[in-house]
Amino acid sequence: MHLNKVSLQARHISLSYGRTEVLKDINILIEPGEFFALLGPSGSGKSTLLRLIAGFNRHQRGELLIDGQDITGTPAHQRNVGMVFQNYALWPHMTVWDNVAFGLVERRAPKDEIKRRVGAALELVGLSAFGERRPGQLSGGQQQRVALARTVVIEPKLLLLDEPLSNLDKNLRVQMREEIKHLQRTLGLTTIFVTHDQEEAMTTADRMAVLDHGILQQVGSAASLFDFPANRFVAGFVGTTNLIDGQITAVHGQHLSFEAPGIGTLSLPTPEGAAQPGASTLAFRPHTVRMCKPAETQESDRFWLSGLVQSCEFLGESSRYRVRVGDLSLIAHEPHFSGAGLHEVGAEVRLGIDPLQVRLLTH
Ligand code: ADP
């Protein structure tokens, strides 16, 4: 299969339905061959943005460019963009072969070319032996693969995937996301994947954009978003986080003082870039918290908070605790090793927070 790699750029895109602004000044540059996820909660505008790229929606402001060319005025059928829908939208009365051939027949491709390309697409998704079946005779995962074959057979410039895994059960979802990633790598096709599931986005995409209420919150790799969330929303949506609202009371060069009710004043390393005195939120991941009994040794490179265990979930590899510290409820994730007991609900514990693993968020 011969596919060109293209870039896609959204520049100051805004879209409203009536008076409701659903996309607000969206700026994204997706690189040629990139696997890019649009991640956000339900209603954040992900599908609207994807449908806009496909040409099913029109934005009122801004530009949409493929390889630098504005496609705003190009109708959907002339964009050569392939979209896989959530429900696959296969024709139930047609065989798998005919479903995959459909787009080529519509484009009046020569018969021998159709045969060659459909054969190659079915082989690509491992369904060469299933051409004569109808979609109803296939498992959910196989139907998904037919939908993918049918989309890539037309050799689109862009592959758009709208929550493609949401109809599959959990094990199959994990398998299919690996398959989709493999297919994308094999074809090198610029791919945009919509999902509300952060794990799905993190495990498949090279980079992702996090959306909330039609506003782009942050763009980056999974690790950069996880380690350096730009704001409270991203910190809470990409992974789990503990948030403590407080104030930066003073900045002294390499260190600053952060004060919050119930925990007192902490001395923290000043983050790169400017840190200003004023309202701020301390964010840290549950797995970076060390938890111990009051009598156990508490390393001096952490700051320690006293609390009471509110709940414990034993997950096998780890245990997830909720601990009440003053008015706060914090989460600590402890790795589990056989023989190590669990902290009981109601027990007094200390939580050790690593100053190098905290982030200060200003909004
Ligand atoms: P997501 O894909 O992130 O779940 P959508 O893009 O589907 O979000 O929807 C974003 C917002 O736009 C929602 O508030 C939704 O109700 C609204 N919306 C979507 N489509 C339409 C439409 N055709 N008319 C009016 N409002 C719409």
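Predicted model: local features only at pLDDT ≥ 70, side-chain atom pairs only at ≥ 80, totals over all residues.
1. A polar contact here is a pair of N or O atoms within 3.5 Å.

2. Serine 44 uses its backbone instead, with a polar atom 3.0 Å from an oxygen of the ligand. The ligand has 560 Å² of accessible area on its own, and the protein covers 54% of that.

3. Now the shell as a whole. Around the ligand sit Tyr17, Val22, Pro41, Ser42, Gly43, Ser44, Gly45, Lys46, Ser47 and Thr48. Sorted by class, three are nonpolar, six polar and one charged. Helix H1 (residues 46–54) gives the largest share of this shell, three residues.

4. How many salt bridges does the model hold? The count comes to 12. One of them joins the side chains of arginine 11 and glutamate 63, at 2.9 Å from N to O. This pair links distant parts of the chain, 52 residues apart: arginine 11 lies in strand S1 (residues 8–17) and glutamate 63 in strand S4 (residues 61–66). Arginine 11 has 35% relative accessibility, so it counts as partly exposed. Glutamate 63 is partly exposed too, with a relative accessible area of 30%.

5. Next, a link between two helices. Arginine 177 forms a salt bridge with glutamate 199, and their closest N and O atoms are 3.2 Å apart. Arginine 177 belongs to helix H5 (residues 170–187), glutamate 199 to helix H6 (residues 198–204), and 22 residues separate them. Is arginine 177 buried or exposed? Its relative accessibility is 13%, so arginine 177 counts as buried; the cut-off for buried is under 20%. Glutamate 199 is partly exposed, at 41%.

6. Arginine 232 is partly exposed, with a relative accessible area of 33%. Aspartate 245 counts as partly exposed as well, at 45% relative accessibility.

7. Finally, a network. Which residues make it up? Salt bridges link Glu113, Arg117 and Glu155.

Key: Residues numbered from 1 in each chain as written. Heavy atoms only, no water. Salt bridge = Lys/Arg side-chain N within 4 Å of Asp/Glu carboxyl O. Helix = DSSP H or I, 4+ residues; strand = E, 2+ residues; numbered from the N terminus. Buried < 20%, exposed > 50% of the residue type's maximum accessible area, 1.4 Å probe, protein only. Near = heavy atom within 4 Å. Polar contact = N/O pair within 3.5 Å; in protein donor to acceptor, adjacent residues only side chain to side chain. Areas by Shrake-Rupley, 256 points an atom, 1.4 Å probe, with all protein chains shown as cover. Nonpolar A, V, L, I, M, F, W, Y, C, P; charged D, E, K, R; others polar.
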